[in-house]
Amino acid sequence: MSTSEDSPDVPIICPECETTTRIPAEDVADSLERHNERLHDGEEIAHVDPDLAEQLQNLVAEDLGLLD
Ligand SMILES: [Zn+2]
């Protein structure tokens, strides 16, 4: 059970490794960079689930009051 509701897990998809990994939102950028750096020579193969990325953007936009 997660104790921190402030950092929802974000699904990271890597089509080349055929993995989906859930990473706390605050660590996503670092984890992505490390994964791609280590396993894919720095190419941006792994990425945030596109659907969720859009949702997150909307959430953040709502948070900031950008959707008024
Ligand atoms: Zn990978």
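From the N terminus on, the elements of the protein chain follow the order β-β-α-β-α, amounting to two helices and three strands. Helices (H or I, at least four residues) and strands (E, at least two) are DSSP runs, numbered from the N terminus. The model is a predicted one, in which local features need pLDDT of at least 70 and side-chain atom pairs count only at pLDDT 80 or more, while totals for chains, interfaces and linings use all residues. Residues are numbered from 1 along each chain as its sequence is written, and side-chain values use heavy atoms, with hydrogens and water left out.

The pLDDT, the predictor's confidence in each residue from 0 to 100, averages 86 over the protein chain, and 87% of the residues score at least 70. Where pLDDT is low, the predicted coordinates should not be read in detail.

The zinc ion has as its protein donors Cys14 (SG), Cys17 (SG), His35 (NE2) and His40 (NE2), at 2.0 to 2.2 Å. Donors are N, O and S atoms within 2.8 Å of the metal (3.2 Å for Na, K and Ca); water is not among the atoms, so sites may look incomplete. The site is tetrahedral, with angles of 103 to 115° among the four donor atoms of the zinc ion; four donors count as tetrahedral if all angles lie between 85 and 135 degrees. The spacing of the donor residues in sequence is C-x2-C-x17-H-x4-H. Because Cys17 lies in the loop between β1 (9-14) and β2 (19-24) and His40 in the loop between α1 (28-39) and β3 (47-48), the pair ties together parts that are 23 residues apart in sequence.

Of the 68 residues of the protein chain, 24% count as buried. Buried means under 20% relative accessible area, exposed over 50%, and partly exposed in between (1.4 Å probe, protein chains only). His40 is buried at 8%, whereas Cys17, at 31% relative accessibility, is partly exposed. Ala53, in helix α2, is partly exposed at 26%. The C-alpha atom of Ala53 is separated by 9.2 Å from that of Pro11, 42 residues apart along the chain.

Leu64 is found in the segment after α2 (50-63) and is exposed, with a relative accessible area of 59%.

Technical notes. Tetrahedral: all angles 85-135°; square planar, octahedral: opposite > 155°, others 65-115°.
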